[in-house]
Amino acid sequence: MQATCVLVKNSNLKKMKIISYNLNGIRAAMDKGLCDWLSNENPDILCIQETKAQPEQIDESSFNTLEYECYWFSAQKKGYSGTGILTKQTPDHVEYGMGIKKYDDEGRLIRADFKDVSVISVYHP
């Protein structure tokens, strides 16, 4: 698992800490302390790749306790691929997929729009 962090300034000059993290399985990552790490890092937005789970298999309560809203785009094939976005700010819009069936069936892209900033979590082979 490796995370990448960026700081973004939107037009309102508010800094946003955005982290992208390929988890290689969200349930295993949660068992290994993902929520403790998330609490320490405290990003505004966390983009997740390779959830390898359906939304109903993810216990969101730990994320909700940390004041995150959760958005998931899972592969149709269980235990495969999948992306997500955790955010402390409610997006104006969430777009699930990119309009290409092959990739949408694999849950490879989710986008959250926040006024003048769009954040994309994408997992590609």
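In the predicted model, the face of helix α2 turned away from its buried side carries the exposed residues Asp-36 and Asn-40. The buried residues of α2 include Leu-34, Cys-35 and Leu-38. Viewed down the helix axis, the buried residues of α2 fall within an arc of 95°, so they line one face of the helix. An α-helix has 3.6 residues a turn, so residues three or four places apart point the same way. The packing partners of the buried residues of α2 are β2, α1, β3, α3 (61-65) and β5 (83-87). Just after α2, Asn-42 adopts a positive phi of about 50°.

Leu-34 also belongs to the largest nonpolar core, which has 18 residues. Within this core, the residues with the most contacts are Ile-26, Leu-34, Phe-63, Trp-72 and Leu-86. Two or more residues are contributed by each of β2 (15-22), α1 (26-31), α2 (34-41), β3 (45-49) and β4 (69-73). Apart from this core lies another, of 13 residues, with Met-16, Ile-45, Cys-47 and Tyr-71 among them. When residues up to four places away in sequence are not counted, Leu-34 touches Tyr-21, Leu-23, Ile-26, Ala-29 and Phe-63.

The aromatic pairs number three. One of them joins Tyr-21 and Trp-37 in an edge-to-face arrangement, with 4.7 Å centre to centre and 65° between the planes. Because Tyr-21 lies in strand β2 and Trp-37 in helix α2, the pair ties together parts that are 16 residues apart in sequence. Tyr-21 has a relative accessible area of 10% and is therefore buried, whereas Trp-37, at 22% relative accessibility, counts as partly exposed. A further aromatic residue, Tyr-80, has Lys-77 over its face, at 4.8 Å from the ring centre.

Ser-121 is located in strand β8 (residues 117-122). Its relative accessibility is 0%, so Ser-121 counts as buried. Two polar contacts involve the side chain of this residue: Ser-121 reaches the backbone oxygen of Ile-48 at 2.8 Å, and a contact of 3.0 Å joins the side chains of Ser-121 and Gln-49.

Note on methods
Residues numbered from 1 in each chain as written. Predicted model: local features only at pLDDT ≥ 70, side-chain atom pairs only at ≥ 80, totals over all residues. Heavy atoms only, no water. Core = buried A, V, L, I, M, F, W, Y, C linked by side-chain atoms within 4.5 Å. Buried < 20%, exposed > 50% of the residue type's maximum accessible area, 1.4 Å probe, protein only. Helix = DSSP H or I, 4+ residues; strand = E, 2+ residues; numbered from the N terminus. Contact = heavy atoms within 4.5 Å. Polar contact = N/O pair within 3.5 Å; in protein donor to acceptor, adjacent residues only side chain to side chain. Arc of directions from axis to C-beta. Phe/Tyr/Trp six-rings, centres within 6.5 Å; stacked < 30°, edge-to-face > 60°. Lys NZ or Arg CZ within 6 Å of the ring centre and 35° of its normal.
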